[in-house]
Amino acid sequence: MSIVLLEAKNISKRFGGIQALSDVSLTIRKGEVYGLIGPNGAGKTTFFNVLTGAYTPDQGEFVFAGTELPTGKPHLVVERGIARTFQNIRLFREMTALENVMAGHHIRTDSSLFGILLQNRHTREEERLITERAYELLRYVGIERFADTLSRNLSYGDQRRLEIARALATEPQLLALDEPAAGMNATETAQLRDLIETIRHDGVTVLLIEHDVKLVMGLCDRVAVLDFGKKIAEDVPAVVQKNQAVIEAYLGGGHHAH
Amino acid sequence: MQPWLHAYAALGVDAKSLILPRRGSSIPARLYLLAPSDALVLYNLLTQVTPTLNTMETLLQQIVNGLVVGSVYALVALGYTMVYGILGLINFAHGDVLMVGALVALQVAAYLQNTWPGLGTTAILLISLGAAVPVCMLMGYTIERAAYRRLRNAPRLAPLITAIGMSFLLQTLAMIIWGRAYHSFPPLFPTAPLQPIEGVFITPVQVTILVASAVLMVALVLLVNKTSLGRAMRATAENHRVASLMGVDTNKIISTTFIIGSGLAAVAGVMISSNYGVAHYSMGFMPGLKAFTAAVLGGIGNLGGAMVGGIVLGLVESIGAGYIEQLSFGLLNSSYQDIFAFVILGIVLIFRPTGLLGERVSDRA
């Protein structure tokens, strides 16, 4: 159970005068649900963006499944097996739910322009499999009945589920969820929690950024806390909850110059 | 004589005909000192027009001509609209890709005719098309890779100006390679026109243009809507960043878009040259501008819009050219047909900048 899947080594990222991440190191083990929490502006989403290749870190590296991750080339990171969702939903709005999931599968296809123009058996077979798999994933997250609905017309909660299905379509080893419960009501949050449990049970490691402390504490095996771009704690939830620095960061300890 | 009549005379327009329009006269009588290519183009156009105006046959004939011209515009417009949809860039060099396609095909056809005199015209057509399409695809790829990619995050004006520069560059290179002369394009189609309806003529070239355009357009729509590549293209068009974070190699998709658009332009170039019988280094400019107009008319960024816009523009232009003489009480003749495209462009931009089918005016940064 304690095989290391992702190791972040001394990650730093600065935007102008703001040190968004400073020297953040953490280790995620295969099969766990790892929580990343912290007050607003602590650098959680920046960490996601650096991890997924959207930004290049100023310093540090990620080692994923034994080898270093490429920086600045997000699609290569996805290819390596890291998929994400977005804090502000970023679906392909003009595509149906099914097409969104199928688009997520693009990286696992090898359909060349040539193959598509010829419509050879390989291409057709691949397309059939992608479609089947996409339906499966929609069923998995519970929105199969909306397969042909344009994603922008889905309800908020269903859009969040669709983002998860699209991310899973890339066949990740690590699924990074950026505040998946944001804006959800209690019922939806409970369903989300079940879904994340299922995903973990099916062998995908989960990295979770979340504000909902209850959700994080109930779901995560281990939690890291970021504050002003620095990691101030990392442990099992019960220990982190009692950590003095964490309590101060959340309640405003007064020793930070705001 | 009025001074303005002298001005017309200098332009090669028979001034008397402006004062005394001869009803029912055929238009060629008024064309004088035009460039040989224009004369040839117009001659071809006009020989497809029955001499008597104001009849049902004339209207039908103009509709046929309009559909033919329109489907060529549509093919070229697809290239503009695909690139705009994905990059938000008006690729003004697109028309010149068409020109290169026509000239490469011409070169290959001439070579084949000299080397193997016995080779059939269909074989020559297919081989020259088979050469022109990959050359243009490679060129489209190179243009994007060399000129536009490094400007991906530059302010919008920079790639636009670069596109105009690229257009000049291609024309100049073509002028160096093929000279300033108007080359006559070998007739690779049977010339005897068909007469589906009494008094309405359509040449085999025109039939081929209609069929080939329709097939290519259907194929493109299927590609964009039903394939993995198409989904990746649409995803990239909606949001580059998110598409790449979902595993789409956006650079590759953008390259592919240029490659497809350029391939279509090559086909359009060969069609135009086959239809009018000429090819020269600046032949891409006007069709390019018209196709851009068609794309804007239909709603730029929208594939269906490019097709509708192309056909509508072709029809308006063709029908307009047939009746412009009556409409303007003999003041203008069909050589002024370009007026329609640009009047339409103006009207669309003022009253419906999103075009006929367009809902989305890109606001991407």
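Me: In what kind of crossing does α6(B) pass α11(B), right-handed or left-handed?

Reply: The crossing of α6(B) with α11(B) is right-handed; a crossing is right-handed if the near helix is turned clockwise from the far one by less than a right angle, and left-handed if anticlockwise. This is a predicted model, in which local features need pLDDT of at least 70 and side-chain atom pairs count only at pLDDT 80 or more, while totals for chains, interfaces and linings use all residues. Residues are numbered from 1 along each chain as its sequence is written, and chains are lettered from A and ligands numbered from 1 in the order in which they are written.

Me: At what angle do the axes of α6 and α11 of chain B cross, and within what distance do they come?

Reply: Two packed helices are described by the angle between their axes and the distance between those axes. In chain B, the axes of α6 (residues 121–148) and α11 (residues 250–276) cross at roughly 140° and come within 7 Å. Axes are lines fitted to C-alpha atoms, for helices over the stretch in contact, and angles run from 0 to 180 degrees between N-to-C directions. Helices (H or I, at least four residues) and strands (E, at least two) are DSSP runs, numbered from the N terminus. α6(B) and α11(B) are therefore oblique to each other; angles under 35 degrees count as roughly parallel, over 145 as roughly antiparallel, 65 to 115 as roughly perpendicular and the rest as oblique.

Me: Which residues of α6(B) and α11(B) meet?

Reply: On the side of α6(B), the residues include B:Leu129, B:Val133, B:Met137 and B:Tyr141. Among their counterparts in α11(B) are B:Ile254, B:Phe258, B:Ala265 and B:Val270. Contact requires the C-beta atoms of two residues, placed from the backbone, to lie within 7 Å. The contact of α6(B) with α11(B) has 15 nonpolar, six polar and two charged residues; Ala, Val, Leu, Ile, Met, Phe, Trp, Tyr, Cys and Pro count as nonpolar, Asp, Glu, Lys and Arg as charged, and the others, Gly among them, as polar.

Me: How do α12(B) and α13(B) stand to each other, and what is the handedness of their crossing?

Reply: The axes of α12 (residues 285–298) and α13 (residues 303–327) of chain B come within 7 Å, with a crossing angle of roughly 120°. These two helices are therefore oblique to each other, and their crossing is right-handed. One of the residues on the α12(B) side is B:Leu297, while the α13(B) side includes B:Val312 and B:Leu313. This contact comprises nine nonpolar, five polar and one charged residues.

Me: How many residues does each chain give to the contact of chain B with chain A?

Reply: Chain B contributes 19 residues and chain A contributes 26 residues. On the chain B side, α9 (228–238) and α10 (240–245) are the elements that give two or more residues. The largest share, seven residues, comes from α9(B).

Me: In what order do the strands of the six-stranded sheet of chain A run?

Reply: Strands of a sheet pair through backbone hydrogen bonds, either parallel or antiparallel. In chain A, six strands form an open sheet in the order β6-β7-β8-β3-β9-β10, with mixed pairing; two strands pair if DSSP finds at least two bridges between them. Its edge strands are β6 (82–84) and β10 (230–235) of chain A, each pairing on one side only. From one strand to the next, the twist averages 20°. Within the sheet, β7(A) (residues 174–178) and β8(A) (residues 205–209) run parallel and are joined by five bridges; A:Leu175 has A:Val206 as its bridge partner in β8(A).

Me: How is the four-stranded sheet of chain A paired, and which helix packs on it?

Reply: Four strands of chain A form an open sheet with antiparallel pairing, in the order β2-β1-β4-β5. β2 (18–29) and β5 (67–68) of chain A each have a single partner strand, so one side of each is left without a neighbour in the sheet. Two bridges link β4(A) (residues 59–64) and β5(A), and A:Val63 stands opposite A:Glu68. The helix α1(A) packs on this sheet, touching β1 (4–15), β2 and β4 of chain A, and its direction makes about 70° with that of β2(A).

Me: Are the residues of α1(A) mostly buried or exposed?

Reply: Seven of the eight residues of α1(A) (residues 44–51) are buried, including A:Phe47, A:Phe48 and A:Leu51. A residue is buried if 20 or more other C-beta atoms lie within 10 Å of its own, exposed if 12 or fewer, and partly exposed in between, with C-beta atoms placed from the backbone.

Me: What is the phi of A:Asn10?

Reply: Most residues other than glycine have a negative phi. A:Asn10 has a positive phi, near 50°, and is found in β1(A). A:Asn10 is partly exposed, with 13 other C-beta atoms within 10 Å.
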